[in-house]
Amino acid sequence: QVQLVESGGGLVQAGGSLRLSCAASGSIFSIRTMGWYRQAPGKQRELVAAITAGSSTNYADSVKGRFAISRNNAKNTVYLQMDSLTPEDTAVYYCNADLKTDFFFAYSEYWGQGTQVTVSS
């Protein structure tokens, strides 16, 4: 059984910062890509940032220069540092991991339960 547990969400004023964390636990053999997605009310879930095991990163245009993704492979943890937040960043943020639980198994996607980020104007 694999779990992704997020933490660090909350309420912040515009211009402020938050740091999200997501720890993957359970029977994990290897994690390929880890990332953060978000879903605002009435909108589709969208990729915010992703990072490979080799630390290559990818960001949505809307967060480039403001957000930074990082990971600790030894701890199976991914972080999202969010600076210069705006009300448009308000959403539920979901952690995602592409991982395999055994050498002989294929990679599969796992999701966290989501953490609310609210930015007030």
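This short report walks through a disulfide, an arginine and a surface patch in a predicted model.

Let us start with the disulfide. A search of the whole structure finds one, and its partners are Cys22 and Cys95, with sulfur atoms 2.0 Å apart. The pair ties together distant parts of the chain: Cys22 belongs to strand 3 (residues 18-26) and Cys95 to strand 9, 73 residues apart. The link is left-handed, with -80° about the S-S bond. If the term is new to you, a disulfide is a covalent bond between the sulfur atoms of two cysteines.

Next comes Arg38, which sits in strand 4 (residues 30-39). The side chain of Arg38 makes a polar contact of 3.4 Å with the side chain of Ser62, and another polar contact, of 2.9 Å, joins the side chains of Arg38 and Asp89. Beyond its neighbours within four places in sequence, Arg38 is in contact with several residues, including Gln44, Glu46, Phe67 and Tyr93.

Now for the surface. Phe29, Phe103, Phe104 and Phe105 make a nonpolar surface patch of about 520 Å². Of these, Phe104 can be found in the loop between strand 9 (91-100) and strand 10 (108-111).

Here is how some of these residues compare in burial:

| Residue | Relative accessible area | Class |
|---|---|---|
| Cys22 | 0% | buried |
| Cys95 | 0% | buried |
| Arg38 | 7% | buried |
| Phe104 | 70% | exposed |

Arg38 counts as buried because its relative accessible area of 7% is under the 20% cut-off. Phe104 counts as exposed because its value of 70% is over 50%.

Terms used:
Residues are numbered from 1 along each chain as its sequence is written. This is a predicted model: local features need pLDDT of at least 70, side-chain atom pairs count only at pLDDT 80 or more; totals for chains, interfaces and linings use all residues. Side-chain values use heavy atoms; hydrogens and water are left out. Patches are made of residues with over 30% relative accessible area and no salt bridge: like charges are joined within 9 Å, nonpolar side chains (Val, Leu, Ile, Met, Phe, Trp, Tyr) within 5 Å. Accessible areas come from the Shrake-Rupley method with a 1.4 Å probe; for residues, only the protein chains shown count as cover. A salt bridge is a side-chain nitrogen of Lys or Arg within 4 Å of a carboxyl oxygen of Asp or Glu. Helices (H or I, at least four residues) and strands (E, at least two) are DSSP runs, numbered from the N terminus. Buried means under 20% relative accessible area, exposed over 50%, partly exposed in between (1.4 Å probe, protein chains only). A disulfide is a pair of cysteine sulfur atoms within 2.5 Å. A polar contact is a pair of N or O atoms within 3.5 Å; within protein, one must be able to donate a hydrogen and the other to accept it, and residues adjacent in sequence count only if both atoms are side-chain atoms. Contact means heavy atoms within 4.5 Å.
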